[in-house]
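Here's a quick briefing to read alongside the model. Have the sequence and the 3D view open as you go.

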Amino acid sequence: MYVSQGLLPESALETAAFLDRINGIWDLLNSCQSQRAGPKAPICAANMHQCKSALLRHADWVNQWQFRDCRGVTRQWLPVKEGLVRTLRGTASLVCQLIEKEGFSYVRTRRFQQDHLENLFCQIRSGRGSANGHPEPWQAICQLRIASLAMSLMT
């Protein structure tokens, strides 16, 4: 829209296309609700082959990335690239395994991510409202006990 209005240069379309594709990757890796439709719908037998194909297409696209540093040196490999390719291919394989061989009716790929562990560590670091990025071991243990107790009371 901004390009068509002359507020951004034509080259911004390349960035928009890149971000749109990355957003599609995140949607596939972040399906979350069993009753949801659209891009974050869970992967099930009906859409499994389409999702697997998309995941593998994205993995091939990421595998073609090249990285240029501030000196203009181009590299083919960075850990983030390898991690994303492995995540995409592994998710495609795991989803098929769970649905076809293990009999799952659907798979929510969000459950494969680290978000829950990161949220726990965030609770530990921000215990009792104070921001403590480097808690002492005894503080971390205390916050972990409090978080565990709170979770057990919720269930």
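This is a predicted model: local features need pLDDT of at least 70, side-chain atom pairs count only at pLDDT 80 or more; totals for chains, interfaces and linings use all residues.

Residues are numbered from 1 along each chain as its sequence is written, and side-chain values use heavy atoms, with hydrogens and water left out.

**Overall fold**

- The protein chain has five helices and four strands, where helices (H or I, at least four residues) and strands (E, at least two) are DSSP runs numbered from the N terminus.
- Starting at the N terminus, the order of elements is α-β-α-β-β-α-β-α-α.
- The radius of gyration of the protein chain is 21 Å, well over the 15 Å that the globule rule gives for 155 residues, so the chain is more spread out than a compact globule; the radius is taken over C-alpha atoms, and the rule is 2.2 Å times the number of residues to the power 0.38.
- Along the principal axes, the C-alpha atoms of the protein chain fill a box of roughly 55 × 45 × 35 Å.

**Burial and contacts**

- Of the 155 residues, 25% count as buried (under 20% relative accessible area, with a 1.4 Å probe and protein chains only).
- Among contacts (heavy atoms within 4.5 Å) with a separation of 6 or more, 54% come from residues 24 or more positions apart.

**The largest pocket**

- The largest pocket has a volume of about 210 Å³; on a 1 Å grid over the protein atoms alone, a pocket is an open set of points where a 1.4 Å probe fits, with protein on both sides within 12 Å along at least five of seven lines. Grid points are joined across faces, edges and corners, and the volume is the space filled by probe spheres set on the points.
- Its lining has 14 residues, with Leu28, Pro39, Gln50, Cys51 and Ala54 nearest the centre; lining residues have an atom within 4 Å of a point.
- Helix H1 (12–29) and helix H2 (48–63) are the elements that give two or more residues to that lining, and H2 gives the most, with five.

**Threonine 109**

- Threonine 109 sits in the loop between strand S4 (106–107) and helix H4 (115–125).
- At 0% relative accessibility, threonine 109 counts as buried.
- Leaving aside neighbours within four places in sequence, threonine 109 is in contact with Leu28, Leu29, Asn30, Ser31, Ile43, Thr91 and Val95.

Notes:
Buried means under 20% relative accessible area, exposed over 50%, partly exposed in between (1.4 Å probe, protein chains only).
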